[in-house]
Amino acid sequence: MPDQADVESPKDTTGVFARDHVPLPPADAEVLTTACEYCTIACGYKAFRWPVGTQGGESAAENAFGIDFPSHEVMRPWVSPSQHNIVRHQGKPHHVVIVPDHDASVVNPKGNHSIRGGTLAQKCFNPQTPTRDRLLYPQIRVRGTLMPVSWDLALSVMADISKWIIEKYGEHAWAMKTYSYEYFENTYAITKLVNQSIGTPAFSPHDKPSATNDAVGLDDAGINSFSACYEDWGMCDVAVMSGTDPYETKTTLFTSWLMEGANPSKKLIFVTPHRTMGVEYGLRNGGVWLPIIPGTDTALHLALARIVIENGWQDQEFIDTWVAKPWEVNSGYGRGTRNTGWQWRTTWGTWQSDWEDYKKFILAQEESKLEVASKITGLDAKDIMRAAEIMAKPREDGSRPKTSFMLEKGNYWSNNYMNTASFASLALICGAGNRPGQVISRGGGHQRGMMKADGGSGYLSPEKYPGRRKKSLNLDRWVIDGQAKFCWVIGTTWIPAMLASQDLADALHGLTRLNANQVRRLDRKVIVETFKKRILSGGMVLVDSDIYPVEPLNTQLADIVLPAACWGEADYARCNSERRLRLYSKIYDAPGDTKPDWWAIKEFAQRMGFGKDGSYDWKDSNDVFEEAGRFGRKGVLNYHPLVTEAQSRGVRAHDLLRDYGTTGIQTPIRKVNGDLVGTKRLHDPTIKLEELEGDTVHMKWLYSFGTHSGKAVLLKTPWKFSGWIDFYNAVKPRKEKNEIWITNGRVNETWQSGFDDLRKPYLQQRWPYPFICINTEDAKTFGIEGGDFVEAYNDTVYIQTGQPTGVLSDDLTFTSLMKRGHIKISDGQFTAVAIVSDAIRPGVAMANFNFPGAPANSVCHAVPDPVTNNYRYKLGRGRLSKVGESPFKNSFTSMSLKPRPII
């Protein structure tokens, strides 16, 4: 086989031609451990690196795998064209092969993996591949064009204008929009700057308009969103999955644990409008598919709970032991200032309940009646009954099914608080929450990479819950209203990821590029004076840190663009959704002048004068990792005992973590009998307090639920709650306008915005353009066929304006906001390629989430849940129209239009 670097596919409009050869790593190739960059499961991988000019042979003695090739045994190591690349290491060209760890016994046993992780090598920068458009140098926009500059100039300008803004307008005017997952080293540095040094409340993570939690109902019930381990999904008898198909978004969790695990014969119950691959597998193996109308999950949960209660199927022994009694429900409530979202939600006595009160509530709800819930949810009453029987009905011998409950974005991104709270209560009465194979947990989206620094200025937010209690600031509104004078965006598309996307884009254009004050030359003083004039005239300075051009954020809008070093280009650490901590090893040289985000934060902070005490004197990512560990000691991602153990051995914490390989160790890490011990699941009563020692922090939620009493709280969720029902009625599709629901989701082959996938020839060929799945009946109504270009249009997109303050309990309801002038009406549209089938319920279409150039969130309403301040991303609506035929309609070389339910 020739040794060459021709890893780009031939130019051909009919498709991608895979290479017919891949070099094997030689026996002396360097081996590095890492984990997948993408979904929350984070499969373990090994990277083999060796100089260009050599390669391994086919005999076992001649290659790093130690096996003879060709090998036809299942699950043995092999290398596909997508798993090889040419990179620079220490300035010289090297081969790199990145393959799943076939020795793994956790996460992805025997090297199981998804197509996303299977193409990790294609992510690595190589100027002969589509990754050639990486951002390689800092840039400042001059007369509309980004010009390369030094890091010193870019960061000095940022510091100069930031000092002026904070002095003139206060810390509120300095804003940050950033990822919440991209490694502990980066997120700690970012939140240290935001919380401790700047002290601004104008901060939000990538997937929310404000700094709030995701599954807030689980929090209030006392359940941590990532309390489960993957083994739990493998050993359960029944898995209830609300708002997710793990095959499409968490592939190895599905194929290694739900399909297999200790109990491969488990039954699967899916609550989702779309019949995808995982759903089809579940149906063929005795499961249930509940194709629910978007947003109506709470009514379904009420009906299921009623069936369980009326038939006496509840796990009474578990309830008596682990569900709070009346006095325990109120333990810790109603005391002090109640100045947090959690304390505010419990102040009014609306939600929390004990078992007897919860039973009365369920039986009193009209919407919990099977026939009523069936009408609300659009589900067949027989299917609801069958689902209840599978998840809760005791067997003839009196034993109970071990049922685990998983929720994800289809659940909490439609009716955030009520869906998550009602889901938690249903699961608790079925006996789930803290036992092997009987857990309540998120499936997960991104990996768990947020390590927050202490501090924070959320109390400075002008937004308040009823009773004038603290509420996180909605950064989208703050920026649109002109309150932010400087905004630094790190590692997120921001605009298409938020709701009413096109209105947000219009506002940012007006604040930046359409302002008359534009930089005309690369002189530090001139640039800063220009920015001052812009701000004084009502504009804003926008900075973006990323790895690629992002439309329109850094291609059209950002004044300063900073190039980041990403996965494989530095040593980083984070956890997956079972809290498993691993080191993501540096594999190759960071290209150009790219730098890790923690480094950019450090250099900026020092120019701001924040580093005079040495607090930002980090020399490498390990320094940040070790410092950050101190601030996670009371959290579920606590790895501080590993840091202190490394220090006692005289080694770096990163290096000690490296020794754990792809197995890693599950957080919170505890010290037991002198050894570092991981925590398999949270709320586990088998963890004894006397076992904890050394640097282990004694947190009650380790061995009981996360409430004052240690017992879970049942939560009441009336369907007609004023904070929900008026909004839901306003956003439902209007028959007179021939509208349908337009929700959004992901498919197995792509990740997030496709930032890497669109640069991987194999995956780009599979999904070159965004799709929209349409039911056959709806397609006929709109005159649409598979492969047509389709426009989705909503002429009434509701957008919350200003920073409304709650005084009375109903002040933040949709009706009240409308009356007080806090709701504006706009419109939104996007285009996509139609996939037509009966795999999605009639009256619902599913668009490709966050695909570049097709902002599906433009047809969704930017009105947050008044209880949690989270957006309701899944409740878009609109009418569809054919705008032409795509080139994929009659082509068989790319973008298959075949529906998803394939086994």
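## Close-up views of a predicted model

**View 1. Strand β9 is covered on both faces.** Val238, Val240 and Ser242 lie on one side of β9, Ala239 and Met241 lie on the other, and all of them are buried. The model is predicted. Strand β9 spans residues 238-242, and because 5 of its 5 residues are buried, the strand is largely enclosed by the rest of the structure. In a regular strand, side chains alternate between the two faces of the sheet.

View 2. Strand β10 covers residues 267-271, and its pairing with β9 is parallel, over 5 bridges.

View 3. Phe486, Trp488 and Ile490 point one way. Cys487 and Val489 point the other way. Both sets are buried.

**View 4. Strand β17 has parallel partners in β7 and β18.** Strand β7, residues 174-178, runs parallel to β17 and is joined to it by 5 bridges. Within this pairing, lysine 177 stands opposite valine 489 of β17. Strand β18, residues 541-546, is likewise parallel to β17, with 5 bridges between them. Phenylalanine 486 has valine 541 of β18 as its bridge partner.

View 5. The structure holds 9 cavities of 30 Å³ or more.

**View 6. The lining of the largest cavity, by element and by residue class.** Helices and strands that give two or more residues to the lining are α5 (246-249), α15 (409-412) and β26 (740-745). Strand β26 gives the most, with 3 residues. By class, the lining of the largest cavity divides into 9 nonpolar, 14 polar and 8 charged residues.

View 7. With a cut-off of 2.5 Å between cysteine sulfur atoms, the count comes to 0 disulfides. Cysteine 39 is in no disulfide; its nearest cysteine sulfur belongs to cysteine 36 and is 6.4 Å away. Cysteine 39 is buried, with a relative accessible area of 8%. For cysteine 773, the closest cysteine sulfur is that of cysteine 860, 15 Å away, so the gap is too far for a bond. Cysteine 773 also counts as buried, at 6% relative accessibility.

**View 8. Domain layout of the protein chain.** The domain assignment gives domain 1 (30-124), domain 2 (139-200 + 450-568), domain 3 (216-447), domain 4 (639-696) and domain 5 (725-885). Domain 2 is listed in two segments, 139-200 and 450-568. Between the C-alpha centres of domain 2 and domain 4 the distance is 37 Å.

Technical notes: Residues are numbered from 1 along each chain as its sequence is written. This is a predicted model: local features need pLDDT of at least 70, side-chain atom pairs count only at pLDDT 80 or more; totals for chains, interfaces and linings use all residues. Side-chain values use heavy atoms; hydrogens and water are left out. Domain bounds come from an automatic or database domain assignment. Buried means under 20% relative accessible area, exposed over 50%, partly exposed in between (1.4 Å probe, protein chains only). Helices (H or I, at least four residues) and strands (E, at least two) are DSSP runs, numbered from the N terminus. Two strands pair if DSSP finds at least two bridges between them. On a 1 Å grid over the protein atoms alone, a cavity is a set of points where a 1.4 Å probe fits but cannot get out, and a pocket is an open set with protein on both sides within 12 Å along at least five of seven lines; lining residues have an atom within 4 Å of a point. Grid points are joined across faces, edges and corners, and a volume is the space filled by probe spheres set on the points. Ala, Val, Leu, Ile, Met, Phe, Trp, Tyr, Cys and Pro count as nonpolar, Asp, Glu, Lys and Arg as charged, and the others, Gly among them, as polar.
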